[in-house]
Every structure is written in structure tokens, then in C-alpha cells.
Amino acid sequence: MASILIIDDTASIREFVRRILEADGHQIRDAANGHLGLVLYREAPADLVITDLLMPERDGMEVILALTKEFVAARIIAMTGATGEECLLDVAALLGAHQVVRKPFTPEEMRRVVRRTLDHSN
């Protein structure tokens, strides 16, 4: 299975995604902000990064830009729960996110986008 890094400033979201993906056999690390997420990725690149877009200390857009600049093969899923910010996910995709997810999402939605992203990384 894959190594996955979850970056989100909301602990309950990190835990929710962790439980879903660990149940599928993935190895999970997580970070509470974009700065820490980039530090963790640089120490040990993951097969997949799932990042929130709106966070303190480097938001998801900055994370996507840094990862795609430094690690050409980085696989990224962007997620947001922001209402009224429809273009955020479009911009994330333009910056290099392979998939985008709107919160709230179901466990099956998360599994589907993770599978799709990992399947297309080969």
C-alpha cells in the first residue's frame, strides 16, 4: 500500500482521513499546518499528499507550489470546506493537485480519489 501525508489544521479531519486510509492498509503521517507538512515530506517523501487549502503557517496553495517545484513526481489531493470559494479547488488543480475534494466528504469519496490518484501515478 501507499505512504500518505495528510496536512490539515483541523485535528478531527486528520483523524477521520487517517482512519479511512489506515483501514485500507496505507501508512499515514500527518501535519497540522503546511510548514510542518513540507518539513515531513522533505524528510521522507510520501507516495501521496492530501492537503487542506486554507490553513495557517503556509496554506495548501503554498504547499502545492512548493511540492510541485521541488518534487516533480509529487502526487497531491487538495481539499477544502470553504464555502463561496468555488475557484479554490480549480486553482489548486491548475497549480498541480491531481484531484480535488470538497468537504464534507464520505469515506468512499476519499477512498475513490486516493485510488484514482495512486493508480494514475504509475
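Contact here means heavy atoms within 4.5 Å. I am working from a predicted model, in which local features need pLDDT of at least 70, side-chain atom pairs count only at pLDDT 80 or more, and totals for chains, interfaces and linings use all residues. Residues are numbered from 1 along each chain as its sequence is written, and side-chain values use heavy atoms, with hydrogens and water left out.

**Entry 1: lysine 103**

I looked up where lysine 103 sits and found it in the loop between β5 (99–102) and α5 (107–119). Helices (H or I, at least four residues) and strands (E, at least two) are DSSP runs, numbered from the N terminus. Leaving out residues up to four places away in sequence, I listed what lysine 103 touches: Asp8, Ile13, Asp52, Met79, Thr80 and Gly81.

Is lysine 103 buried or exposed? Lysine 103 counts as buried because its relative accessible area is 16%. Buried means under 20% relative accessible area, exposed over 50%, and partly exposed in between (1.4 Å probe, protein chains only).

I then checked its polar contacts (a pair of N or O atoms within 3.5 Å; within protein, one must be able to donate a hydrogen and the other to accept it, and residues adjacent in sequence count only if both atoms are side-chain atoms). The side chain of lysine 103 has one of 2.8 Å with the side chain of aspartate 8. Another, at 3.3 Å, joins the side chains of lysine 103 and aspartate 52.

**Entry 2: salt bridges**

Next I looked up salt bridges (a side-chain nitrogen of Lys or Arg within 4 Å of a carboxyl oxygen of Asp or Glu). How many salt bridges does this rule give? The count is 9.

One of them is between the side chains of aspartate 8 and lysine 103, at 2.8 Å from N to O. This pair links distant parts of the chain, 95 residues apart, with aspartate 8 in the loop between β1 (3–7) and α1 (11–23). Aspartate 8 is buried, since its relative accessible area is 0%.

I also found aspartate 30 and arginine 14 paired through their side chains in a salt bridge of 3.4 Å, N to O. Aspartate 30 lies in strand β2 (residues 27–31) and arginine 14 in helix α1, 16 residues apart. Aspartate 30 is partly exposed at 26% relative accessible area, whereas arginine 14 is buried at 13%. Both belong to a network of salt bridges that links Arg14, Arg18, Glu22 and Asp30.

**Entry 3: arginine 115 and glutamate 108**

The last pair I looked up was arginine 115 and glutamate 108, whose side chains form a salt bridge of 3.0 Å, N to O. Arginine 115 is partly exposed, with 42% relative accessible area. Glutamate 108, at 37%, is also partly exposed.
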